[in-house]
Amino acid sequence: MKTLSFKKPINFLCLLLSALIFAGLFSACQSTPKAPDVYNTTAATEATVATESSDSTAPTEEKLPVNPINFDELTAINPDLYAWIKIPGTVIDYPVAQSSVDDDNYYLHHNYMGNYEFAGTIYSQRHNTKYFLERMTVLYGHNMLDGSMFAGLHQFSDPEFFEENDTLYIYIPGHILTYKIFAAYDYDDRHLMNSFRFYDDEVYSQYIKDCLNPHSANAIVREGVELNLKSKLITLSTCHDYNSSLRFLVQGVLIDDQRTQ
């Protein structure tokens with residue numbers, strides 16, 4: 001198997017223009033236009049993209065594809081890095097962290113190497129496991145003025161862009177998870193995982209109905225998407241461009257779980 005390794009420091013962050021934190025628990029808002037030189041290429045290139053083995057003697061039956069992310073190398077850099085998110089059509093192509101220290105929001109202001117950096121890292125809290133098995137997984141990221149991190153989510157507020165871009169990928173060891181993006185809208189700053197008992201069928205049933213008909217003037221929802229009690233959702237959350245009491249959410253539903261080597 002041939003892999004491309006981390007050849008130079010990943011460099012995709014900037015200082016925040018304002019560190020508006022999610023109601024005590026959430027990820028953040030906007031940055032200054034210029035970043036310190038911490039990252040310098042897109043994450044996909046830097047994260048070790050693997051190719052298929054050229055070993056002709058290997059068994060060929062039910063051969064699994066190679067995972068695009070080399071998680072051995074990723075976790076060697078920082079054991080808190082457990083996943084990778086990629087959204088085609090945007091610059092969102094980053095590692096995902098979950099804190100192993102008491103501070104659940106450690107990566108709000110720490111970079112992928114675990115060093116202090118005001119712009120932080122894409123991250124989840126320990127309300128979620130690292131396996132994307134729950135009915136709802138929430139990822140947080142800053143809304144950066146230079147367009148990096150989760151600022152690209154705001155592209156989905158444009159109906160034309162939303163219509164033409166409907167897929168996001170999550171890579172974890174042994175799996176490529178494909179989600180269909182079905183909604184983008186403004187929401188209040190409540191903590192979703194603390195506010196809804198997603199394990200309760202009645203609560204979840206009502207929640208997914210609301211996701212398909214958000215109470216937001218700017219909501220965009222994809223036609224033809226059906227959700228049910230078996231649906232596994234992902235919510236990507238970042239700050240609103242103009243209102244610090246709002247969050248901008250992009251939501252997707254899991255449509256494929258492909259096993260990998």
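1. Thr137 stands opposite Ile234, a residue of strand 8. The model is a predicted one, and residue numbers start from 1 along each chain.

2. The pair Thr137 and Ile234 can be read with the pairing of the strands. Strand 4 covers residues 136-140 and runs parallel to strand 8, with five bridges joining the two.

3. Strand 8 also pairs with strand 9, here in the antiparallel sense and over seven bridges. One place to look is Ser237, whose bridge partner in strand 9 is Leu249. Six residues lie between strand 8 and strand 9, and the two strands form a hairpin.

4. Is strand 8 mostly covered or mostly open? Strand 8, residues 233-239, is mostly covered, since seven of its seven residues are buried. Buried here stands for a relative accessible area under 20%.

5. The next topic is the largest pocket. The space in this pocket comes to about 200 Å³. Strand 9 (246-259) supplies at least two residues of its lining, and so does strand 6 (175-188).

6. Which residues line the largest pocket? The lining consists of Tyr82, Lys130, Tyr131, Phe132, Leu133, Ile172, Pro173, His175, Leu177, Lys232, Leu254 and Asp257. By class, eight lining residues are nonpolar, three are charged and one is polar.

7. Strand 9 links the two topics of this note: strand 9 pairs with strand 8, and strand 9 also supplies at least two residues of the pocket lining.

Conventions
This is a predicted model: local features need pLDDT of at least 70, side-chain atom pairs count only at pLDDT 80 or more; totals for chains, interfaces and linings use all residues. Side-chain values use heavy atoms; hydrogens and water are left out. On a 1 Å grid over the protein atoms alone, a cavity is a set of points where a 1.4 Å probe fits but cannot get out, and a pocket is an open set with protein on both sides within 12 Å along at least five of seven lines; lining residues have an atom within 4 Å of a point. Grid points are joined across faces, edges and corners, and a volume is the space filled by probe spheres set on the points. Helices (H or I, at least four residues) and strands (E, at least two) are DSSP runs, numbered from the N terminus. Ala, Val, Leu, Ile, Met, Phe, Trp, Tyr, Cys and Pro count as nonpolar, Asp, Glu, Lys and Arg as charged, and the others, Gly among them, as polar. Buried means under 20% relative accessible area, exposed over 50%, partly exposed in between (1.4 Å probe, protein chains only). Two strands pair if DSSP finds at least two bridges between them.
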